[in-house]
Amino acid sequence: MTNQPQVEESAPKQLSTTSLQPRGRVYPSPSNWRDEILYQLLPDRFSDGNEEQRPLFDRNNPAQFRAKDKAAWMAAGTKFVGGTLKGIESKLDYLQELGVTAVWINPPWKQRADLETYHGYGIQNFLEIDPRFGSRQDLRDLVDAAHDRGMYVILDVIFNHTGNNWFYRDENGNPRDTMRYRFSPPYPVHGWRSHKGDSISQPANPDDGVWPDEFQNLDWYTRAGEIGNWGTSSWEDPMNANVEFRRGDFYDLKDLNFDNDDALTAVIKVYQYWIALSDCDGFRVDAVKHVPKHICRKFFQEIYNYTQLIGKDNFLLTGEITDNVMVGDYMELYGHFIDRSLGVALDIVSTPNQLTATVKGLANPGDFFGRYNVNFLLGRYLQIGKFHVCVIDDHDMSSRSQKARFAANSNVPNLDQQVAHAVGVQLTTPGIPCIYYGTEQAFDGNENYHDYSVEPRRFAEDRYVREAMFGKGFGAFETEGCHFFDRHHPTYLRIAAIARLRNRQDTIGKTLRRGYLFERETSFLNYPFSLPGKGELVAWSLILFEPEVLMVLNTHGLESRGAVVTVDSSLHPDGSSLTYLYKSDWSDEELRNPPQNQTAKVKHYPDGRATVEIELPPSGMAILT
């Protein structure tokens, strides 16, 4: 590792004493995030670096590692399992071979010692790494190791709320984690939460209350109680700063009061500090919907200004907005057309379901591909590609009525290929693709793993989409004691093969990353050419000046499909050939080293239409140029 700086071992107790001087090198930003492939992971659930001490999960004998105690397995999913930052660093080879170029790490910040907020969203110390994940030096080493490989690191940050670091006082004078929401007056506070979970008058050690000590100012919190109404009534303006979901606590996580300018200034400095310390390359900003737009603008602009100053000219800023109306209202913050603020939208509201339904043959492909229609503002925005992150699965699955990965509850024979080709659509349509950890191993986490005879109520259901890649007590597929870093998995191999095409530094790679999308009409059984319906062969092209790269996907999971597929007649003379760059039914060796001589002949029709004939197995995919 080159230029390995040693960062300060201990976290400052006062934000006022922090230095914003970068430690060591400042790694430059990519010129265009559309050129990258993101991979999202939870530090607690990815790797502990000790996989060599456990066997690899056997896909041919899945019952071998089934958890012996279902109740214990379920309980393990609600607690810290043991993943670390060092573990992530140990898997950079695995990620790079998959084709990943940027790692998105869910919050690594220090959580309460007495609570099991393994997800990282309940910050107890804004200036420290959770010791269960490792150290501040571990984070810096991970970022440096990624940079040495030409990879980037994005950190998940929270500025809407803090952890459950203090107690409300109820009407009887007792401490309470939460209270029912009220607009005013602010509820009284009983005391700070100690490292044992008791209410105390003042933090006595670094595990008590909240740190740095500036955050021990109770005027920095709205103290309005827990959000009960996550939407708005018909008479309310959803963008008003005083609606309930912007003032209330996120369950028991205490909401910050940005009517207090000092609170906002402090949070901004916190994350500027982490950029200086870690040399990270971007932020995924949590719960943007819950922060008033003018506050978001101030936060994003100050982060942007700081990164410009230190030489990260294209620092990624992408925000979580889980509401279609909110996305439209916050649109002004996206891109650099109006101001220098939030750069990229997380496409997590309707797109994951549209893409899923298209690939599974459950919906008209036009529902997904029609989004790129440039006759509409959204289509023009999406065709640009660099302003949205395309997601299928993530740690919240907020777009779905039940928590479930793409592969959940499926019995299609080629499920491994179907999962790979859902990612394949991400990799071959405009946007910044993001793979959720475990997808490359066809994880099928979903709420149906919940046993109501063990736990009678629906609780912490998101645990089932946050399986541990390294196994331990909460492995995927209801397993324990095995790991899932299988580089020979059929899904992993196919994603890697498609990603290699996208990452190529020639005209083919650049077309896949920057090309303009065209839906392609098809014909089967001599029917007239048209855009295909659900369950049929769907095709689309990316064109960048002259190169055309053609993608064809069989959206039927049970039957083969064939069709005559339209291509650009001006680019492909009659009798010429398109060469296969990828075919899903290639052998493992062919996926790694594609044959050069498999082609499809171009035929011109009297009306000038140019076509190729393609046939694919169930859930199959092909890429040609």
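This report describes the overall build of a predicted protein model and then some of its local features.

## Overall build

The protein contains 16 helices and 24 strands. Its C-alpha trace extends over about 85 × 55 × 55 Å along the principal axes.

Of the 625 residues, 60% are buried. Among contacts with a separation of 6 or more, 74% are between residues 24 or more positions apart.

## Surface and charge

The accessible surface of the protein is about 23,500 Å², and carbon and sulfur atoms account for 48% of that area. There are 65 positive and 84 negative side chains. The centres of these two sets lie 1 Å apart.

Helix 12 covers residues 377–384, and its buried residues are Gly-379, Tyr-381, Leu-382 and Gln-383. The cover over these buried residues includes strand 12 (344–347), strand 13 (388–391) and strand 15 (516–520). Just after the helix comes Gly-385, with a positive phi of about 85 degrees.

Arg-371 sits in the loop between helix 11 (366–369) and helix 12. Arg-371 has a relative accessible area of 10%, so it counts as buried, the limit being under 20%. Leaving aside residues up to four places away in sequence, Arg-371 touches Asp-347, Thr-351, Gln-354, Gly-366, Leu-378, Gly-379 and Leu-382. Two of these contacts, Gly-379 and Leu-382, are also listed among the buried residues of helix 12.

## Aromatic pairs

The model has 41 aromatic pairs. One of them is formed by Phe-159 and Phe-258, whose ring centres are 5.9 Å apart. The angle between the planes is 35 degrees, and the pair is tilted. This pair links distant parts of the chain, as its two residues are 99 residues apart. Phe-159 is in the loop between strand 5 (152–157) and strand 6 (166–169), whereas Phe-258 is in the loop between helix 6 (244–247) and helix 7 (261–278).

## Cis peptide bonds

The bond from Ser-184 to Pro-185 is a cis peptide bond, with omega near -5 degrees. Pro-185 is in the loop between strand 7 (175–176) and strand 8 (189–193).

Trp-211 and Pro-212 are also joined by a cis peptide bond, and omega there is about 0 degrees. Pro-212 is placed in the loop between strand 9 (199–200) and helix 6.

Glu-478 is a residue other than glycine with a positive phi, near 60 degrees. Glu-478 lies in the loop between strand 14 (432–436) and helix 14 (490–502). With a relative accessible area of 13%, Glu-478 is buried.

Leu-525 likewise has a positive phi, near 55 degrees. The loop between strand 16 (522–523) and strand 17 (537–543) holds Leu-525. At 71% relative accessibility, Leu-525 is exposed, whereas Glu-478 is buried.

Terms used
Residues are numbered from 1 along each chain as its sequence is written. This is a predicted model: local features need pLDDT of at least 70, side-chain atom pairs count only at pLDDT 80 or more; totals for chains, interfaces and linings use all residues. Side-chain values use heavy atoms; hydrogens and water are left out. Helices (H or I, at least four residues) and strands (E, at least two) are DSSP runs, numbered from the N terminus. Buried means under 20% relative accessible area, exposed over 50%, partly exposed in between (1.4 Å probe, protein chains only). Contact means heavy atoms within 4.5 Å. Accessible areas come from the Shrake-Rupley method with a 1.4 Å probe; for residues, only the protein chains shown count as cover. Lys and Arg count as positive and Asp and Glu as negative; His and the chain ends are not counted. The place of a charge is taken as NZ of Lys, CZ of Arg, CG of Asp or CD of Glu. Rings of Phe, Tyr and Trp (its six-membered ring) pair if their centres lie within 6.5 Å; planes under 30 degrees apart count as stacked, over 60 as edge-to-face and the rest as tilted.
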